[in-house]
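Subject: Structure for your review

Dear colleague,

Please find the structure below, followed by a summary of what was found in it.

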Amino acid sequence: MDKRALSAAFGAAVAAVLAVTASASATASAGEVLTTGSAGGTAVASGDVLSASLVSGTKAKIATTAGGSTGITCSASAFTATANTNPAAPGTATETVTAHTLSTCTTNITGATGVQSITVNNLPFNASVTSGGSLTVTAGAAGPIQTTLKINTILGLTTCVYRAGSLTATPSNTDNSLSFTDQLFTKFSGPSTCPGSGYFTAKYGPVQDTSQAGSPVVFVN
């Protein structure tokens, strides 16, 4: 075989490999960003309600320092969101966070004797989910991401208000969970007995599409 024929044969082989690779890549990326049942499964429809509570055996924590043990611990927490847009993967899906609750909370902050309530203010929030990446929560039209803590202290009831610019969580298809780790809230108002910062950590799962029969779990593609 002369050099020209050899070169042509080599070029054809490379083209064939590239074609197969492109086909495999297209197959791997088929489907929407959010699906139920399996990765690449049934697309989550616009308007579907997605929800999750704390992963069994875990607690939500608001620590006074990143990774610290001092702060507030809650045995119950849950969120609810509505799916808005769900494009083909890879891409970014959007949601509206309509509810987020924390309850059954205790504290070991010096001078505090208990937690009366924790209220997430200014709902709904906006959320976006990126393929193979993260979920980001940002403020909605009602105002900044804000949480109001009412804490019983030796001096009486104290109200502490905290705000965050945004929150980031990591989704996992292994257990269909969503993990927040040391998300910073800064004190907006309250007396000096309120810690200056709060670092929020919680793992929710499985995330389920409660609008569908059987509430199937949700995957991020």
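A disulfide is here a pair of cysteine sulfur atoms within 2.5 Å. The model is a predicted one, in which local features need pLDDT of at least 70, side-chain atom pairs count only at pLDDT 80 or more, and totals for chains, interfaces and linings use all residues. Residues are numbered from 1 along each chain as its sequence is written, and side-chain values use heavy atoms, with hydrogens and water left out.

Two disulfides were found in a search of the whole structure. In one, the sulfur atoms of C160 and C194 are 2.0 Å apart. This pair links distant parts of the chain, 34 residues apart: C160 lies in strand β11 (residues 156–164) and C194 in the loop between β13 and β14. Strands (E, at least two residues) are DSSP runs, numbered from the N terminus. The torsion about the S-S bond of C160 and C194 is about -80°, so this disulfide is left-handed. C160 and C194 are both buried, that is, under 20% relative accessible area (1.4 Å probe, protein chains only).

The other disulfide joins C74 and C105, with sulfur atoms 2.1 Å apart. The link of C74 and C105 is right-handed, with 105° about the S-S bond. C74 belongs to strand β5 (residues 71–85) and C105 to strand β6 (residues 92–107), so the pair ties together parts that are 31 residues apart in sequence. C74 is buried at 0% relative accessibility, and C105 is buried at 14%.

Yours sincerely

How values were computed:
Helices (H or I, at least four residues) and strands (E, at least two) are DSSP runs, numbered from the N terminus. Buried means under 20% relative accessible area, exposed over 50%, partly exposed in between (1.4 Å probe, protein chains only).
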